[in-house]
Structures are given as C-alpha cells and as structure tokens.
There are 4 protein chains.
Amino acid sequence: MNFASDNAGPMHPKVLEALIAANDGTQMPYGNDTIMQDARAHLRDVFEAPEAGVYMVSTGTAANALALATYAKPWDAIFCHRTAHIEEDECGAPEFFTNGAKLTLVDGADGKMSPEALRDSILATGDKGVHGVQRGPISLTQATELGTVYTLNELKALTDIAKEFGLATHLDGARFANAQVALGCSAADMTWKAGIDVVSFGGTKNGCMMTEAVVIFDPEKAWEFELRRKRGAHLLSKHRYLSTQLQAYLADDLWLTLAEQSNTACAKLARGLRQIEGAKLLHEPDVNMIFAELPRGAHKRAMQAGAKYYLSPFDTPLDGPEDDLIACRLVCDWSKKDEDIDQLLALLR
Amino acid sequence: MNFASDNAGPMHPKVLEALIAANDGTQMPYGNDTIMQDARAHLRDVFEAPEAGVYMVSTGTAANALALATYAKPWDAIFCHRTAHIEEDECGAPEFFTNGAKLTLVDGADGKMSPEALRDSILATGDKGVHGVQRGPISLTQATELGTVYTLNELKALTDIAKEFGLATHLDGARFANAQVALGCSAADMTWKAGIDVVSFGGTKNGCMMTEAVVIFDPEKAWEFELRRKRGAHLLSKHRYLSTQLQAYLADDLWLTLAEQSNTACAKLARGLRQIEGAKLLHEPDVNMIFAELPRGAHKRAMQAGAKYYLSPFDTPLDGPEDDLIACRLVCDWSKKDEDIDQLLALLR
Amino acid sequence: MNFASDNAGPMHPKVLEALIAANDGTQMPYGNDTIMQDARAHLRDVFEAPEAGVYMVSTGTAANALALATYAKPWDAIFCHRTAHIEEDECGAPEFFTNGAKLTLVDGADGKMSPEALRDSILATGDKGVHGVQRGPISLTQATELGTVYTLNELKALTDIAKEFGLATHLDGARFANAQVALGCSAADMTWKAGIDVVSFGGTKNGCMMTEAVVIFDPEKAWEFELRRKRGAHLLSKHRYLSTQLQAYLADDLWLTLAEQSNTACAKLARGLRQIEGAKLLHEPDVNMIFAELPRGAHKRAMQAGAKYYLSPFDTPLDGPEDDLIACRLVCDWSKKDEDIDQLLALLR
Amino acid sequence: MNFASDNAGPMHPKVLEALIAANDGTQMPYGNDTIMQDARAHLRDVFEAPEAGVYMVSTGTAANALALATYAKPWDAIFCHRTAHIEEDECGAPEFFTNGAKLTLVDGADGKMSPEALRDSILATGDKGVHGVQRGPISLTQATELGTVYTLNELKALTDIAKEFGLATHLDGARFANAQVALGCSAADMTWKAGIDVVSFGGTKNGCMMTEAVVIFDPEKAWEFELRRKRGAHLLSKHRYLSTQLQAYLADDLWLTLAEQSNTACAKLARGLRQIEGAKLLHEPDVNMIFAELPRGAHKRAMQAGAKYYLSPFDTPLDGPEDDLIACRLVCDWSKKDEDIDQLLALLR
C-alpha cells in the first residue's frame, strides 16, 4: 500500500528481462554500446525527429539541469511555475549546472503557468539592459507537479509567447507518458509540434529502473550537451544498462501501456475519494497523482494499517482532532492493481 | 575478446540476481530503502569504520568530483598525479563540482606520486598569500591509471606529507578491490589506517552494473556531501537498485573474489606477453591492466580477428611497418577466462 | 539638473584632496599601504568593532556579492526583499559569486520586508531535507531601494527571526550614511547591535569616487573574504587610492555631513512636490530618494529643459496625454543645492 | 627606493589632473559618461580597430578573467605559460570566471612559450573525445612575467598554431606599453595584425590609478563581455573616473612616454648590475623588470637602507652567509629617476 511516489514502484518485468539479456557478454562503454544505437533510433521515431540528439542520464534532475544549462546562459532568467520540480525539489541543481541562472517564478492555477503570468514575468525581466538578468528559456512541466496536464492549446499558447521573445522552451517530462496518454496525442504533438525545443523524457517513474532521456530537437546543441553530461559526471560507463531499459520501455509501446495503467488506477482512486464524506480533491487529477484533503481520522486509519503517502506539510501529526481536513498526495505507480486501490479506499472511508 | 576496458564486462550473476530480488514490491525512494541500511552497515564493517558516511552514486567521476568538492575550497589546489583520471578523463568534472579548484600535477614513476614531487608541489603552492591558490587536498589513485599499486608504506609516506601541511587525502578507488587483493591487506589498512580521509570505492568495473560508493571517515562532512550529491543530480530516485548491487558485491566477499580473478587473468596475460618477441611491458602490472608495446603486426592480427583494446595514441593506424612497436592498453575484467587470454596471446604471437 | 542617480554626482573636494595627497611617492600595493591601516582603524572605531574585518572593493555589487558568498553556501536560499538591488540590479552577481544560491523573494510594504513575510519564506524553505535548497542568510537593504528606512526596531524584529533559525544577516548599506542620519543612531546601533553580521558600507553614492567597504563582525570569516575578493578580481593593486577615499570620507564625519545634505535636499524637494497639483509621493521618503507620480506634462517640461531622471517604466514616452500620471524616481546626491531643487520644482509645477 | 612593483608607483600628474577635471559636475553613471565615448574612440584609433569593443575594469585580473571567460567554455583548456600571471598570481580568478576551465601549462625559456611546447600541449589535449577537456584559447603575456618580450615573429608563430587549431588568442598586456616601446611597433602590429583576438590593455602599472581596458576585436563578443563584466561586479557606477584616466593616458602618447621612461630606467639599472661582482641577470631584461641574483650581503645593505623589492623565495632571510647568491626581482615604475637607480646601485655594490 505504497502511494508515496511512483519512484516507490518496481521495474516492469519486461525492463528487468531486458537488463538480463543485456548482461550477456561484453559491450563498449560510455554509450558506444550497440543497444543505444537502436534505442536512439526508436526514440527518434517516437518523436518523429530523425535528427534529434538523444542522450541518457540516470536521474530526472540531471536531465532537467543539463537540458537547461544547454539552453540558458549563466546570466539568464529561467521561467518556471512556482511549483516546478526544478524550483522546489532539486536542491538548486539548475542553478549549479547553469552556473547561476535565476529561476523566475510564474503563477497560474493547478500547477500550470497562465499565458498572462508568463508574459508579465518576461516583460518584467530583461528591461534593464546590463543591470538585470536577461530573458532565458521557459521550462514547462508536463504532467505538472500537481497532477494536471496542459492541453496542446495551452502548451502552444505558452510556447508562442516564448517564440515571440525569441526564447527556447524546455519540457520537464518526468511523467511524459502519463500526460501523453491523458491527451491522446503523439509525442511530436506534445513537443516540437507544440513549440518545445528540448525534452526531459522520463521513464524511471513509469516502470523503469533509471531511464531518463534528453531529446534535443536542434542537433547543433547536441555536442555541448554531451560535454555537459560528461563534465556533470552523468555519462555512465556501463551505459548498456541504461540503453536496454529505454529499448524495452519503448518496445511494443510498453511506456504507453504502463502510463495508461497508472492513470486508470488513479482515476479509480479519485472516484472512490469523491465518495468519502469530507474528502475534497484539490485539483482535477489528469494523470496518476492526486492532491486531496481528507479528515485526519481517515489518514490515521490508513497509515496505521501500513499505507504510505505524504501529508502536507510533511510533519503533520496524526494525533489531533479527527475531523480536521489534512492535505495529502497519493500517487499510483504502474503496478497498482484494483485491489490496492480498493484496500486504500476501504481504510480511508 | 574485449580487452578495451573493465567497463566492457558484464555484471556478475550474483549482482544480477540481487537486482531481480530487489525488484519485488515497493520501496521508499532516494536512499530510504531498507536495502541501503544493510549495505551501508556492511561497508562500514568492511572499512572498520562504524561512523563513516557511506553514499552511492552511479559513476566513478561523480564519486571523485563530489568527494573532492566536499574537501576542497574553490580557491584550493588539488594535488594529483599527472596521469590521474580526475585530470585526464573527466572533462573537468572536478573543476566543475569544486567551482574551479586547480588540479596541480605531481610527477612520479609508474603512475605513482613520489614523496619528493608531492612535497615540492605543495611547497610551490600557497606561498603567495592571497595571490595564489591555496593548498588543498591530495588525490591518490589506487590502483593507479597505469595498473600499478602503491604499497602501504608508499601511501603512508604521501599522507604523512599531507598531514604535515594539514591537508586531506582522497583515494580514487575505481579499482579498489584489485589493489587491495594485490596488497593482501584490509580495506582499513589501505585507507584510514594509511591516512586517507575519503574514498571513492568503485564496484562498477569489478562486476557491478553501476556501483560507486563514497566513504567519508569524518561524519561531520556527511551532510555537506549529501547536499552536493543531490545538487549534482546524483541522488537516484529508485535508489534500491544501487543499494542492492552494493549489498551483493560485498556479500561473501564477492568483490575480492572477482578482483582476484581479474588480477590473475591479467598476470597470465602478462606472462604470455613477456614471451612474445619484441613485446615489452611498460610497467609492472600489479592489478588487471597492462601497458605494453607490441609490434604493429601483432596488433593487426589481433584486431582483424576481432580483439578490442586501445592503442596509444588512439588513432594509430594498423597499416604501416609491421615491426614498429606500438603501445597499447589491455584490461582484464572479472569475466576473462583462461581461454580468452590464450586466444588473445595466440593472435599476438 | 541631474536627479537620475547619486552615482551621477561628483566627489566631494575633500575626497579629491585626499587622492592628490595619496599620490605622493610610492606605497606597497594590494592593501599593504600605510593609509589602509589608518582607514581600517577608523572604520572599526565608527562601528565600535575593534576586531572586525574591514575590506575595500570598487563597486557596491562586489561588496554585496562577496559578503553574501562568504555567508551563503551554494545550496542556500538568500532571503531578500523583492525590490532588493541584489535581485534586480546586479545581473545575477550574487548567484555568480555564491555558485548558485537561490534568491528567495520576501514581500513587505515600502521596500521593507515584513517579519511575517520573512518568517513565512523561511518556513517554506528548507523543510524538504536534501531535496530543497537550505535556509541561508537574510539580506536587508538600509536605506531601501524605495528610499525608506527600517527603524531599529524593525531591523531587530527581522534579525531576531534570522537568529531564531540560526541564520546570518547581511546589510546592503549602499546608502548607509543616509539611513544612519535619518535614524539619528550610531553605526553600531544600526548593525551589530541590531543583529547584523556583515555590512556593505557604501561611500560611492555619498561623495566618494569608488568607496565600498565590507565590514565583517566575525573575524573568523575575514580570510575567506580576502580570498574571495582576490579570486573575484576585486583586490586593487594600487589600493592606496581606495584607502585614502575611505580615510577622507570618515574624517571629521564628512560621511554624515554629506548624507545630511542630501537628505535635507530631498526633504525640500518632497515638500515642493507635495504642493504640485496631481503629484503624489509613492512612499514617504526617509533619505535622499523620492518615488512619485507626476503628470506627463510636468515631466515633459522638466526634461525638455534638461532635467535628468528616470521614469518608470524607463521607456515611457513623453508624448501623450499631458494629465496622465507617470511614476518617476528623483535622487538627490550630496552636491544638490537649494537652487537646484528650486529650479527642478519650478519646471515641474 | 621602492623597486618592489610598478604598482607601488604613483599616478602621473596628467592623470591626476584629468581626475580633477572629470570631477566637475554630474555625469551619467555606468559607462554612459561622455568621457568614455572619447576614450573609446581614441583607443580604437590606437589599435586601428574602429569596430572593437572597448571596456574598462579596475584590475588587471578582472580584465584577464573576463576576457578569458568570454572566449573559453567551462570545459576548455586555456593554454598559458607556466609563469603566467593568470596561473600564478590571480588566486584562481580565471577558473572562477570561466566556471572551471583548466589552465594547461606550456613551457619555454625566459617566460615565453615555445611553439613546439604549445603545439605539443594542444595535441596532448582534446584527443579523448568527450572524456577530456577541449582545446580552448591561448593566453600570452606581453611583456612576460619575467620581463622579456615576444618579438612579432614569435607572437605570430604562436598565433599561427592557435589558428591552425581554430583557437582564439588572448594577450595579457599588463605591461603592454612597455612591450610596444621595446619592439618599436604599433599596437595593431602587436595584436590583431599578429593574430591576437582580445587584449588586456593595462595602464595601472604605467602611471594610472586603475586603468585596465579590454579590447575585443570581434564586436560580436562585446555584449557577452558586458554582461560578464556587470555580473562579475566590475562595472563601476561612477565610471567617468575610469574613463578620464584612459583619456589622459592616451593623450599625447603619455602611455608611450611613460613606458619609455621606465624601460630606460631599467636598462640603466641592468647596466649597473652587470658591473657588480657576483651579480647575474637571469633573463635579458626587455622592459622595466629585472630578475637577478646578487650576493646576500648586497641585499642586506640595500634593504637595511630602506630599499624595497622582493627576494625569491619571498621569505629568504637576510641573515646568513654574505656571499650566497639570492635571486630578486627589481621593477622600475615610470617615476624612477636616474638618482633612484644610482642610489640603489650604490647600495648593492
């Protein structure tokens, strides 16, 4: 009953099988393995981007920070939502990798930047000549940190503003597959066709062990990215073990199947929560993550029975008035089954 | 017939089995898995260091760069051998992670710093007040990049100089096990008992998938290291897959067994090479890596038959006078068998 | 009629005389001149801080960035007001010198942090373990960028919160003298007695050529600051020309006299503005700087007659409806005379 | 009798007069003063480079570090002579401003890189793909730190190698005028006509207070330089006081006159030293700086009579056998007169 994080889930068996298969014999190190050629080609096909740079790293933070460092100058602002992972959960990795770019926080409901807020933030930046930081890339998170998804039109509205100012756009796709499934679109639709320049394509949360690919649509940026990856100590020596995960993740659309599973499980959980008296969903859950308020008593029952998930704030005590509404985050990884959902709901009710 | 790198070798089956086992069910992310507790305790036992900080990352470069950043100020010199991995093969990662510390190159035969050269380098640094960089940590590589091993006395002679000047010492142990087996000593003997403050304890090259632990003997440095690891994007979310490798690597002294195997294979290869007319070993191979000169014709025969290894310089052409002596590096990973060695030797003869 | 900036004003004749006197003969470079000893001693007396580190640099941005880098770790938040110079006007210098600390913006009326907002910002930071940036120093600006001054009680309320969380406090005193004169207190009252740890003590805006001293009350931080200054290329070789300015600035309380002059001139200007129909002061001006709204027609008359000052936004056109209220900033440097004020007011009326 | 450094000398009276004149009235800050326009135009004329970017900073270290940061990527090597100021005397400022580029030391007699050594260093760098640092700019010092001067042919031989590899060349001209006078060539001859891309044009050591201009021949690099200067806290607010120094320094070729004076004084000193028994010049002095060995007794007499200069090593005791030869550096600033030289020689004899 672990609903704490999609990072708490296991690898899908097919990813594990791929690891086992990849372990056979020797392979040249540092990305020169034969598997990577195939995985790269496959991901280019998925993105309908035959020239794109495709590189792997072992954490989503590395994918984000390296992608941003490739697109932002040290004296740039990076525009992101106030709740972005790069702002809240990476201990300043973007600042470290960019040598001090300034994360500039943009508001908007449900974890999504509003076009007005983005435009205002851009206009308020870079109007002081050499005295202020300069306008740099926009970073969007899809699905957002609040479990919502930008529609394609919403994405386009934001990247249009970026383009109007000549700025690049990064997409933090730690839950890329979940968002794509929710929208029912293609990977190209959700990225370069919507004006995105560089993508952190995450697989770790969705059934892999550690699979984060960076997809750079402008091949001229690729070599700089490679140097930054190596210098950031993110080029794995036995790289085949990353390559094989990506290969397995893409094969037979496993990535979409797993995202579908976790989104569906989450929708079931949401339906159940809505029926609990006093419960309130804080955002409409588009993917596999719910933010809700529930009575303290419900949390207490669930947690004492072994359920794991985070309250907000983290350290909210379980002892106290049972009817107090306390916020929580519930995440369904790909492996959640109907009975897991039922079990949790039974406790929360 | 891949003798290019120990990074070209596979995982040992026991490591793979551990991965399979660890995939069962859910685990809390970011190092809070139950496996890590056990692996940390085991490594502390190995090092006879019950208070040591033990942290995992996925590359040796990350282990080195983060360890050095924890011990070096940005304005410090880091003293290392001219052939050190941190100088030659990390694309400036130590400079990046330390925010610009200066690698100061120390000479010495066979890839080992001489005490005289170290003392001279230290004395030539830090004698200019605020104008010059300051004296910072010493970084030793054990086994060295040239396949040799410092004796315990040699290590001690260097760390004594470090201590005389109040400087810390880092040990790059990408081939730690191979060196320990070669010396027949304990991990404690080769580290804190010899004056070492922080160790990059590598397992990747020796039968793991990606297993690099940093062992910090001063627990007061541990929290800073943790912050640097996260900020460097090197804290893995599904951390259990690192933990389980370390656990399996240490269990039943697998690490020592595998190092013994690769050292033994290499010794057999060295004996064979010595019998080839015109061949010359450039250093006495103490571990699993040989630098040798061989006639171009020998290289040509071997490579055309599919042998993989690096010539020096990398791009030396195979076409040319057959008797020219051309340097090469031959590395035996743990999986090399007698017949692999025999096959290569047969081609080189 | 230049009211654009106190940086537009000249040196006071006594500072110039000091430069002339200091030019006599030779002096040891890099701060080892005999004048610096005297200037340092005098500034320590002024601050009643006989052990304080006192160092000079040539820009206020350098003073701020180096002071903050000495007190903030790269992974720290630096809490500052949304309008702080370090946030808005230094092109990311604090981020550069700290290697990527995160400026965290605190609200509050009239350019002053409110204690509630500071506490909320601190609480919202550093509650995520290794995942978020950590709590770092607070940076206050006195006088503020909006021309207001924290009372001693207001300062104390903020530094009390800092101390409650174990955080240091920096004071950006680009207009230190103006604030001190406005409060009628001592330099010690406004700094270490009010809980401040490190001060950027500015003289450039107040009659010097380039005179920015950093005063560090904890002498243990001094050596690190010296290294950072040199490494930041801010240790001047012919340092006597900085030393002599500081010496002259402090002699006979010239600094307080000049601040008194510019505050008085500004108060006169404020009184005059209040009598202009349609004019509105946006904040109560405590020192030598006014933010006001005036009809476009008034601006047009003044500027066409040669007055220089900034409109907000910078690029507001002078052509347009004459009655539109347009914001502006008016700064009185020490050299402004009654007739300068009268002349400007006559045009604005 | 201060022969310690050209930084120990005063401003020339004409520079001081210019400061006095510039103090009249108000001027727009941050380089927007009217004087800078004129000074920039004049320096462009001097360099016969009508499009060049010309910017001022207050230290030579800032000029060097900012120029190098504009031309080197963080993952680049910067090739410099082993004795370069950027390597030995800037506390790692180039590493700080470039975010960790690697200074790669090139040998050569008399403080000058040899073409062979430069070529070897370049070839030994950048041949490891992504694993090693990449080839970056060359930094030459003219006059060198050992008081010698590259001939135009020698410069050309080095920049030809740089161009062969597509690398830029920086000239550290802290003693630019002294070198130019020694060569009897034009500023253009010694820079862009000899293949130089960016120059640190120093005036501080040669009669100014603090006058360091960066001349960038490629105007496309200028904006990046401006941002780096501001972010490095090196854009002075009351910039007119820099501008006016440069204006005065260039007017009527004052810069060349002063360099001629100091070179001549130094030549006289060299002639005198050669006549001292036991004295030995370590390099042929081309400009205003001598490295020599003299008997300890001579040093003792001179220093006890008040002469100031540096022994090598710095802390060599004056007590000891009088006949021991001890190295020293003697620098003549522009203000040294015949009687100063005679006085020193009389003591040393």
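Residues are numbered from 1 along each chain as its sequence is written, while chains are lettered from A and ligands numbered from 1 in the order in which they are written. As the model is predicted, local features need pLDDT of at least 70 and side-chain atom pairs count only at pLDDT 80 or more, whereas totals for chains, interfaces and linings use all residues.

Me: How do you know which residues form the contact between chain B and chain A?
Reply: Two residues are in contact if their C-beta atoms, placed from the backbone, lie within 7 Å. The contact takes 40 residues from chain B and 40 residues from chain A. On the side of chain B there are 20 nonpolar, 16 polar and 4 charged residues. Here Ala, Val, Leu, Ile, Met, Phe, Trp, Tyr, Cys and Pro count as nonpolar, Asp, Glu, Lys and Arg as charged, and the others, Gly among them, as polar.

Me: Why can one say that chain C and chain A meet through the same surface?
Reply: Because 100% of the interface residues of chain C are also interface residues in chain A, the copies meet through the same surface. This contact takes 19 residues from chain C and 19 residues from chain A; the side of chain C has 8 nonpolar, 5 polar and 6 charged residues.

Me: Why is strand 7 of chain A called largely enclosed?
Reply: A strand is a DSSP run of E with at least two residues, numbered from the N terminus. A residue is buried if 20 or more other C-beta atoms, placed from the backbone, lie within 10 Å of its own. In strand 7 (residues 212–216) of chain A, 5 of the 5 residues are buried, so the strand is largely enclosed by the rest of the structure.

Me: What makes strand 1 of chain A a partner of strand 7 of chain A?
Reply: Two strands pair if DSSP finds at least two bridges between them. Strand 1 (residues 53–57) and strand 7 of chain A have 5 bridges and are antiparallel; Val57(A) has Glu212(A) as its bridge partner. Strand 6 (residues 198–202) of chain A is also joined to strand 7 by 5 bridges, again antiparallel, with Gly202(A) opposite Glu212(A).

Conventions: A residue is buried if 20 or more other C-beta atoms lie within 10 Å of its own, exposed if 12 or fewer, and partly exposed in between; C-beta atoms are placed from the backbone. Helices (H or I, at least four residues) and strands (E, at least two) are DSSP runs, numbered from the N terminus.
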